[in-house]
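This report walks through the packing of one protein chain.

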Amino acid sequence: MRMECLSDGVGWHLGMFGRRRRIWEKCLGGKRLKKVLAVWFLILLIPYAVTLVWAEEAVGEVQEFTSLGKREVRRQRESGRESMDAEEYLIGVLAAQIPPEYGLEAVKAQAVIARTYLYGIFGERSVIEEEELDLDYMEWKQMLERWGQRGAAKNYSLFQKAVKETEGIGMQYEGQWLDALFHQISAGRTRDGDRELFPYLVGVESRKDSEAEDYLGIFLFSEEDFAAKIREITESGEVAAANIFQSIQIVKKDAAGYVEKLQIAGNLYEGEQVQYALGLPSACFSITQEEGKIRIVTKGVGHGYGLSQYGAKAMADSGWKMEDILQYYYQNITLISE
């Protein structure tokens with residue numbers, strides 16, 4: 001059988017479709033063929049149409065805050081310098097800060113924390129530069145990559161709802177915006193902050209954190225690897241690998257179990273220094289020896305101050321509201337609505 005090649009690939013396909021259609025018409029009849037083609041057209045069109053609906057819903061949500069104009073964040077993107085309403089900006093911040101599956105009330109609490117931070121940076125200004133912020137931000141494209149089209153639209157809607165239902169709300173202590181510290185998982189109790197700098201950071205029980213998947217961590221180091229990492233701490237001094245375990249002594253822990261001071265090879269370190277040097281998720285740790293290796297067991301993820309995100313999730317699951325969650329983790333604070 002000879003095939004004629006039309007002027008290009010597209011033409012070839014159209015030509016073949018025309019031939020096949022004539023064959024189908026002979027077999028099915030003209031009217032029946034039209035019905036078959038119509039069904040196939042719908043089958044091909046429906047997934048595309050559903051995708052457009054999801055995208056349109058998300059885009060519509062993105063534009064909903066642009067009329068507020070109270071505070072704006074200026075940011076640099078590929079298209080140039082642009083301004084975004086601060087409330088809208090919070091949606092991308094929440095996406096980067098807290099898992100959407102933690103529930104609306106926990107996400108609302110996180111929205112108030114993030115807004116409080118922004119308000120502290122804004123001060124009396126109405127416009128700030130994104131470079132001033134120590135915040136992670138998730139773009140819509142990144143949401144798509146992480147959660148897919150349907151998941152991104154669903155999670156975006158949740159984050160937007162959390163922002164809208166807490167719109168304008170921040171936390172103050174004695175008339176000043178809080179430095180509202182937070183972390184992923186506590187060691188079962190949050191830590192006391194400095195009484196002068198952070199009088200609202202009073203340690204509280206957060207026992208449900210022990211149910212989190214990453215609550216416990218176990219890490220093994222050879223003496224050589226352990227010593228090499230400790231030597232990377234600034235002004236560490238000489239740290240020999242031989243018999244290093246015998247030189248380790250935890251000097252002080254706080255009320256929540258986090259290591260504040262420890263001695264290694266005659267040098268005194270802060271718990272956070274050793275945590276970062278060894279790449280541990282928390283400064284709440286114990287150190288033992290196991291078959292010639294140094295074994296470290298950690299509890300929690302993060303610094304342990306302020307709100308525990310997993311604890312907030314557990315409270316939200318038990319029916320706690322955003323206001324109650326925040327006033328539990330931050331003592332004697334006032335929720336301000338602007």
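At what angle do helix 3 and helix 5 pack, and how far apart are their axes? In this predicted model, helix 3 (residues 86-97) and helix 5 (residues 140-165) meet at about 130 degrees, with the axes 9 Å apart. Helix 3 is therefore oblique to helix 5, since an angle between 115 and 145 degrees is neither roughly perpendicular nor roughly antiparallel. The crossing of this pair is right-handed.

Helix 3 brings Glu 87, Leu 90, Ile 91, Gly 92, Leu 94 and Ala 95 to the contact. Helix 5 answers with Met 143, Arg 146, Trp 147, Tyr 156, Phe 159, Gln 160, Ala 162 and Val 163. By class, the residues of this contact are 10 nonpolar, 2 polar and 2 charged.

The crossing of helix 4 with helix 5 is right-handed.

On the helix 4 side, the contact uses Leu 104, Val 107, Lys 108, Ala 111 and Arg 115. On the helix 5 side, the residues are Leu 158, Phe 159, Lys 161, Ala 162, Val 163 and Glu 165. This contact has 7 nonpolar and 4 charged residues, with no polar ones.

| Helix pair | Packing angle | Axis separation |
|---|---|---|
| Helix 3 and helix 5 | about 130 degrees | 9 Å |

**Inside helix 5**

Is Ala 152 buried or exposed? Ala 152 is found in helix 5. It counts as buried because its relative accessibility is 0%. Beyond its neighbours within four places in sequence, Ala 152 is in contact with Trp 140, Met 143, Leu 144 and Trp 147. Lys 141 lies 11 residues from Ala 152 along the chain, and their C-alpha atoms are separated by 9.2 Å.

Which strands does helix 4 lie across? They are strand 4, strand 5 and strand 14, and helix 4 runs at about 70 degrees to strand 4. These 3 strands form an open sheet in the order 5-4-14, with antiparallel pairing. Strand 5 (176-177) and strand 14 (334-337) are the edge strands, each pairing on one side only. Strand 4 (residues 169-173) is joined to strand 5 by 2 bridges. Gln 172 has Trp 177 in strand 5 as its bridge partner.

How many bridges join strand 7 to strand 12? There are 6, and the two strands run antiparallel. Leu 220 has Arg 295 of strand 12 as its bridge partner. Strand 12 also pairs with strand 11, again antiparallel and over 6 bridges. Ser 286 is the bridge partner of Val 297 in strand 12. Strand 11 and strand 12 form a hairpin with 2 residues between them. In that turn, Glu 291 has a positive phi of about 50 degrees.

Thr 298 lies in strand 12. At 1% relative accessibility, Thr 298 counts as buried. Leaving aside neighbours within four places in sequence, its contacts include Leu 216, Gly 217, Phe 219, Cys 284 and Phe 285.

**Helix 7 against the strands**

Helix 7 (residues 271-278) has Gly 271, Val 274, Gln 275, Ala 277 and Leu 278 buried. These residues pack against strand 7 (216-221), strand 11 (285-290) and strand 12 (293-299), among others. The list also includes helix 6 (223-231), strand 9 (259-264) and strand 10 (267-270). Just after helix 7, Gly 279 takes a positive phi of about 70 degrees.

**The chain overall**

The protein chain holds 9 helices and 14 strands. Of its 338 residues, 41% count as buried. Among contacts with a separation of 6 or more, 62% join residues 24 or more positions apart.

Note on methods: Residues are numbered from 1 along each chain as its sequence is written. This is a predicted model: local features need pLDDT of at least 70, side-chain atom pairs count only at pLDDT 80 or more; totals for chains, interfaces and linings use all residues. Side-chain values use heavy atoms; hydrogens and water are left out. Buried means under 20% relative accessible area, exposed over 50%, partly exposed in between (1.4 Å probe, protein chains only). Helices (H or I, at least four residues) and strands (E, at least two) are DSSP runs, numbered from the N terminus. Contact means heavy atoms within 4.5 Å. Axes are lines fitted to C-alpha atoms, for helices over the stretch in contact, and angles run from 0 to 180 degrees between N-to-C directions. Angles under 35 degrees count as roughly parallel, over 145 as roughly antiparallel, 65 to 115 as roughly perpendicular and the rest as oblique. A crossing is left-handed if the near helix is turned anticlockwise from the far one by less than a right angle, and right-handed if clockwise. Ala, Val, Leu, Ile, Met, Phe, Trp, Tyr, Cys and Pro count as nonpolar, Asp, Glu, Lys and Arg as charged, and the others, Gly among them, as polar. Two strands pair if DSSP finds at least two bridges between them.
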